[in-house]
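I opened this entry to keep track of what I looked up, one item at a time.

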Amino acid sequence: MDISHPEYADLAVYTKKEIQLYQQKIWLEAVENRIKHKKMSAANEEKIHRIIHVIRSKELLLNNHNFLFRFNSDKRTDSFTMDFIHGNSNIFGHIREEEEARKLCLFCNMRESKPEHQLIECPEVQDNSYQQLISSWASQHQGAGLMTDILAPEVGNSKLQNAFVKRVKFIIEQHDSIECLNN
């Protein structure tokens, strides 16, 4: 049977949503296969599985309205945002060579340096971006944790994601200011 024949044209028609759902299915399966074959911490593996579970259980469709990284965003901010998500930012004291022995927050020098600490706990880097993140998270809190709530592509999640990116930008600016003062 030749499906390119005009008689069968309506059999080979897919909606945009069907194509996107199929692409997402393939992508999620590829992510799960990589997790099986890649060595990673149990905590990171659990985070990824929670996000995949949220996407599947709520039948969420990934599209340009719920991606964390927006069109025309700058690479530096995107890179630092990913670093915050993975806990690998050079802003954290436990990554920085000169701070390695102490493992304390670069800003307050009181608590262990972790993404959650600098995003929502550190008293030295609180401004209106902090308030926006907290209020956005409170209105959309799903009980799965801040990073999962940010990464899960919920409908209307863009407010929380935008607040998160603004918060990361503010922390980056604070870090840059400290670096300028030290040089």
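I began with Glu124, which sits in the loop between α4 and α5. This is a predicted model, and I read every entry below with that in mind.

Is Glu124 buried or exposed? I found a relative accessible area of 53%. The cut-off for exposed is over 50%, so Glu124 counts as exposed.

Next I looked up what Glu124 touches. Setting aside residues up to four places away in sequence, I noted Phe107 and Cys108. I also checked Gln174: 50 residues separate Glu124 and Gln174 in sequence, and their C-alpha atoms are 9.6 Å apart in space.

I then turned to the nonpolar cores. The largest has 24 residues, and Leu119, Ile120, Leu133, Phe164 and Val168 touch the most other members. Two or more residues come from each of α3 (75-86), α4 (115-121), α5 (128-140), α6 (146-151) and α7 (158-182). The most come from α7, which gives eight residues.

I picked out Val168 for its contacts. Leaving out neighbours within four places in sequence, Val168 is in contact with Phe80, Thr81, Phe84 and Leu119.

Last, I checked confidence. The protein chain has a mean pLDDT of 75, and 75% of its residues reach 70 or more. Where is confidence highest and where lowest? Helix α1 (residues 16-37) is highest at 84, and α6 is lowest at a mean of 73. I flagged residues 93-100, where the pLDDT is below 50. Beyond near neighbours in sequence, that stretch has 19 contacts in the model.

Definitions and conventions:
Residues are numbered from 1 along each chain as its sequence is written. This is a predicted model: local features need pLDDT of at least 70, side-chain atom pairs count only at pLDDT 80 or more; totals for chains, interfaces and linings use all residues. Side-chain values use heavy atoms; hydrogens and water are left out. A nonpolar core is a set of buried Ala, Val, Leu, Ile, Met, Phe, Trp, Tyr and Cys residues joined through side-chain atoms within 4.5 Å. Buried means under 20% relative accessible area, exposed over 50%, partly exposed in between (1.4 Å probe, protein chains only). Helices (H or I, at least four residues) and strands (E, at least two) are DSSP runs, numbered from the N terminus. Contact means heavy atoms within 4.5 Å. pLDDT is the predictor's confidence in each residue, from 0 to 100.
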